[in-house]
Amino acid sequence: MAIGFRQHLRQQLHKAAADAARPFVSWTEPWEGLDPLSFFLLGPSCGFRERFFWSDRSGSTIFAGLGVAYAIETEKMDDRFDDMEAGRRRWEGMTEPCGAADGPPILFGGFSFDPHRPRAEWWRGFPAGKLVAPAALLAVRNGRTTLTVTVPTDQKGRDWERIGRLLDRLDGSMSVSKRLPPLMANEEEEKERWLAAVREAIAAIRARELDKVVLARARRLTFAEAVDAAAVLGRLREQQPFSYLFAFEQDGRCFLGASPEQLVQKEGETCRSVCLAGSVRRGGGLEEDERLGAWLQQDRKNREEHQFVVQMIGRLFASVCDTVEMPPAPQLLKLPHIQHLCTPVIGHGCRERSVLRLVELMHPTPALGGTPRDRALEAIRALEPLDRGWYAAPIGWVDGEGNGEWAVAIRSALLVGKEAVLFAGCGIVADSHPDSEYEETNVKMIPMLSALGVMNDG
């Protein structure tokens, strides 16, 4: 099939390129039976230095991208979302669709948590905002798989060669290895400083300077050799089947994770979000698990933390939608290692054209920043002993009509060669206790530790 595919591709693209008045040609063809993770695995062997992966919580929408046909990037601090939305609108008119393509390819990317924070070296290449159109995109939507190739109409660059290599390998037998190198070092990143920050935050909250602040910390792991992002993604897919899976790799650095938290989804005039705040570990057996879940639903500290998020997202949806639906009390979201208080929100009659505008309005929610928002961000800058980079920030995709879905990039790690930097945070309120909050961050690191082979699943 690959030989016929290449011939058809060249015919279609050469014809479109010769006739096109636009700078890019995008060609789409059905391509069934290909595992998106195997497609992701092929990137380096075909010469692609950039790879992207996204899967929603149900697994009904999966994107795997290789290379960059077009990128939109910003380092603006206060106007970064406007800058990215303007770039997205330009992209709408830059591509000549052919084959089964019905519009410009999706853009996939993310934003930093706080562009005002000085950037740490480990986040080099992850700017305040970046969206990319992959050169080759495998998309799975509701059981239908397509392959989209996007190239410049001037036919310059090495994409033709790389895509040719990719097509040569698509018919072969491919499997993603789960092998990971041995762990050599496991370093805590400034534990005592973080605990002191929590104590200071509690004092500020009790003094009514703010209501809640989220403080994050990091752990650095060093392995015997470079960690394969595809292997980690494969383990995450097995171990965290009901989470958003994501990976953004460039310049030898890969940010990836399995997040339980949806930030926002827009489909036409309907938008959705999930309020996720308040958590406790899973029990060792059914009885203990149910007891912990019942405690979580009744615990004042966790209910208060959750209610801050519900109020903020409810108000925001009411400001941009005609009607808003949400249950009167939080539900329990049970994941393999942790359970959360969870309140889904649906807005109908959304008046915003682009999901990027909703991302701007919602980030950061009280679940990741705190409340009031501005005071919480000031406290994070003053107290938190790390640069979050893209951790706890929006990551997702947007299409040519402004629809898309974005998750919050938690339960995540940054892979840099032999190192992996893991991140976790927790919400601090007046009733918080530093040691308990520290243990909560340990629980939240378990999914990535397990995916990296550092500890056994469960």
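**Entry 1: secondary structure and overall form**

I counted 11 helices and 23 strands in the protein chain. I kept in mind that this is a predicted model. Next I looked up the radius of gyration, which is 22 Å. The globule rule gives 23 Å for 458 residues, so the chain is as compact as a globular protein of that length. I also took the box along the principal axes: the C-alpha atoms fill roughly 70 × 55 × 45 Å.

**Entry 2: burial, contacts and surface**

I checked burial and found that 60% of the 458 residues count as buried.

**Entry 3: α6 against α11**

I looked at helix α6 (residues 229–239) and helix α11 (residues 434–451). Their axes come within 8 Å and cross at roughly 125°. That angle makes α6 oblique to α11. Which residues meet here? On the α6 side I noted Val 232, Arg 235, Leu 236 and Gln 239. On the α11 side I noted Pro 447, Met 448, Ser 450 and Ala 451. I sorted the residues of this contact into five nonpolar, two polar and one charged.

**Entry 4: Leu 34**

I found Leu 34 in the loop between β1 (24–30) and α2 (36–41). Its relative accessibility is 9%, under the 20% cut-off, so Leu 34 counts as buried. I followed up with Thr 145, which is 111 residues from Leu 34 along the chain. The C-alpha atoms of the two are separated by 7.9 Å.

**Entry 5: cis peptide bonds**

I looked up omega for the bond joining His 363 and Pro 364: it is cis, at about -10°. Pro 364 sits in the loop between α9 (355–362) and β19 (370–371). I also logged the bond from Thr 371 to Pro 372 as cis, with omega near -10°. Pro 372 belongs to the loop between β19 and α10 (373–383).

**Entry 6: positive phi outside glycine**

I noted Asn 142, with phi near 50°. This residue lies in the loop between β8 (136–141) and β9 (144–152). Is Asn 142 buried or exposed? At 71% relative accessibility, I put Asn 142 down as exposed.

I then noted Ala 392, whose phi is about 65°. Ala 392 is in the loop between α10 and β20 (394–398). At 1% relative accessibility, Ala 392 counts as buried.

Definitions and conventions: Residues numbered from 1 in each chain as written. Predicted model: local features only at pLDDT ≥ 70, side-chain atom pairs only at ≥ 80, totals over all residues. Heavy atoms only, no water. Axes fitted to C-alpha atoms, helices over the stretch in contact; angles between N-to-C directions. Helix = DSSP H or I, 4+ residues; strand = E, 2+ residues; numbered from the N terminus. Parallel < 35°, antiparallel > 145°, perpendicular 65-115°, else oblique. Contact = heavy atoms within 4.5 Å. Nonpolar A, V, L, I, M, F, W, Y, C, P; charged D, E, K, R; others polar. Rg over C-alpha atoms; globule rule 2.2 N^0.38 Å. Buried < 20%, exposed > 50% of the residue type's maximum accessible area, 1.4 Å probe, protein only.
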